[in-house]
Amino acid sequence: MMSSTAGAAFSPVSEFKQTCGFCGCVFRVEIESPISYKDTHPYRCPECRHLCIVKTSSEPRVTLLSVRTDRRKDLHPHH
Ligand SMILES: [Zn+2]
(Lines give C-alpha, C1' and ligand atoms only; values in the text may rest on other atoms or scores of the structure.)
Protein backbone atom coordinates (compact mmCIF):
# COMPACT_ATOMS: atom_id res chain seq x y z
CA MET A 1 0.00 0.00 0.00
CA MET A 2 1.47 3.28 -1.07
CA SER A 3 1.24 6.40 1.03
CA SER A 4 -1.81 8.46 0.26
CA THR A 5 -0.10 11.70 1.12
CA ALA A 6 -0.50 14.15 -1.72
CA GLY A 7 2.79 15.35 -3.10
CA ALA A 8 2.48 19.09 -3.26
CA ALA A 9 5.55 19.36 -5.45
CA PHE A 10 4.04 17.28 -8.19
CA SER A 11 3.34 19.48 -11.20
CA PRO A 12 2.34 17.48 -14.24
CA VAL A 13 3.30 18.71 -17.68
CA SER A 14 0.97 16.32 -19.39
CA GLU A 15 -2.09 14.32 -18.52
CA PHE A 16 -4.60 12.11 -20.22
CA LYS A 17 -7.65 10.11 -19.37
CA GLN A 18 -7.66 6.39 -19.80
CA THR A 19 -10.40 3.79 -19.69
CA CYS A 20 -9.12 0.49 -18.42
CA GLY A 21 -9.63 -2.22 -20.98
CA PHE A 22 -9.95 -4.86 -18.32
CA CYS A 23 -12.33 -3.42 -15.73
CA GLY A 24 -13.80 -0.34 -17.41
CA CYS A 25 -12.86 2.24 -14.81
CA VAL A 26 -11.70 5.68 -15.91
CA PHE A 27 -8.60 7.26 -14.50
CA ARG A 28 -6.35 10.22 -15.14
CA VAL A 29 -2.64 9.76 -15.72
CA GLU A 30 -0.44 12.75 -14.98
CA ILE A 31 3.11 12.89 -16.22
CA GLU A 32 5.55 15.16 -14.50
CA SER A 33 8.35 14.92 -17.00
CA PRO A 34 8.20 15.39 -20.75
CA ILE A 35 7.61 12.34 -22.86
CA SER A 36 10.84 10.46 -23.22
CA TYR A 37 11.80 8.10 -25.96
CA LYS A 38 14.36 6.20 -23.97
CA ASP A 39 12.79 5.86 -20.52
CA THR A 40 9.57 4.09 -19.70
CA HIS A 41 7.67 3.89 -16.46
CA PRO A 42 4.89 1.53 -15.50
CA TYR A 43 1.63 2.61 -13.96
CA ARG A 44 -1.31 0.58 -12.79
CA CYS A 45 -5.03 0.78 -13.11
CA PRO A 46 -6.24 1.98 -9.68
CA GLU A 47 -9.00 -0.64 -9.61
CA CYS A 48 -7.70 -3.89 -11.05
CA ARG A 49 -3.94 -3.13 -11.08
CA HIS A 50 -3.71 -3.70 -14.81
CA LEU A 51 -0.18 -2.71 -15.76
CA CYS A 52 0.45 -0.08 -18.42
CA ILE A 53 3.64 1.55 -19.61
CA VAL A 54 4.23 5.16 -20.56
CA LYS A 55 7.30 6.73 -22.12
CA THR A 56 8.41 9.31 -19.61
CA SER A 57 11.34 9.86 -17.32
CA SER A 58 9.54 9.92 -13.98
CA GLU A 59 6.81 7.94 -12.35
CA PRO A 60 3.28 8.88 -13.48
CA ARG A 61 0.54 9.76 -11.03
CA VAL A 62 -2.77 7.94 -11.41
CA THR A 63 -6.07 9.32 -10.12
CA LEU A 64 -9.28 7.30 -10.24
CA LEU A 65 -12.12 9.25 -11.90
CA SER A 66 -14.89 6.67 -12.09
CA VAL A 67 -15.06 3.20 -10.67
CA ARG A 68 -14.91 -0.02 -12.62
CA THR A 69 -17.92 -1.06 -14.61
CA ASP A 70 -17.42 -4.81 -14.88
CA ARG A 71 -18.98 -5.62 -11.47
CA ARG A 72 -16.19 -8.03 -10.73
CA LYS A 73 -13.68 -7.77 -7.95
CA ASP A 74 -10.93 -9.58 -9.77
CA LEU A 75 -7.55 -8.15 -10.27
CA HIS A 76 -6.08 -8.25 -13.70
CA PRO A 77 -4.58 -11.74 -14.17
CA HIS A 78 -1.20 -10.40 -15.26
CA HIS A 79 -0.59 -7.80 -12.58
ZN1 LIG B 1 -8.65 -1.81 -14.49
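The model is predicted. In it, strand S3, residues 41–44, pairs with strand S4, residues 51–54, in the antiparallel sense, and the pairing comprises 4 bridges. Within this pairing, His41 stands opposite Val54 of S4.

S3 and S4 form a hairpin, with 6 residues between the two strands. Arg49 belongs to the turn of this hairpin.

## The three-stranded sheet

A sheet of 3 strands is also present; the sheet is open, its order is S1-S2-S5, and its pairing is antiparallel. Its edge strands are S1 (14–19) and S5, each of which pairs on one side only. On average, neighbouring strands of this sheet are turned by 25 degrees against each other, with direction ignored.

S1 and strand S2, the latter formed by residues 26–31, run antiparallel and are joined by 6 bridges. Thr19 has Val26 in S2 as its bridge partner.

## Arg49 in the loop

Arg49 is located in the loop between S3 and S4. Its phi is positive, at about 70 degrees, although Arg49 is not a glycine.

Is Arg49 buried, exposed or partly exposed? Arg49 counts as partly exposed because it has 14 C-beta neighbours inside 10 Å. A residue is called exposed at 12 or fewer such neighbours and buried at 20 or more, and partly exposed covers the range in between.

Arg71 has a positive phi near 60 degrees and is a residue other than glycine.

Why does Arg71 count as exposed? The reason is that Arg71 has 7 C-beta neighbours inside 10 Å. Asp74 has 10 C-beta neighbours inside 10 Å and therefore counts as exposed.

## Asp74 in relation to Arg49

How far apart are Asp74 and Arg49 in sequence and in space? In sequence, 25 residues separate Asp74 from Arg49. In space, the distance between these residues is 9.6 Å, taken from C-alpha to C-alpha.

Notes: Residues are numbered from 1 along each chain as its sequence is written. This is a predicted model: local features need pLDDT of at least 70, side-chain atom pairs count only at pLDDT 80 or more; totals for chains, interfaces and linings use all residues. Two strands pair if DSSP finds at least two bridges between them. Axes are lines fitted to C-alpha atoms, for helices over the stretch in contact, and angles run from 0 to 180 degrees between N-to-C directions.
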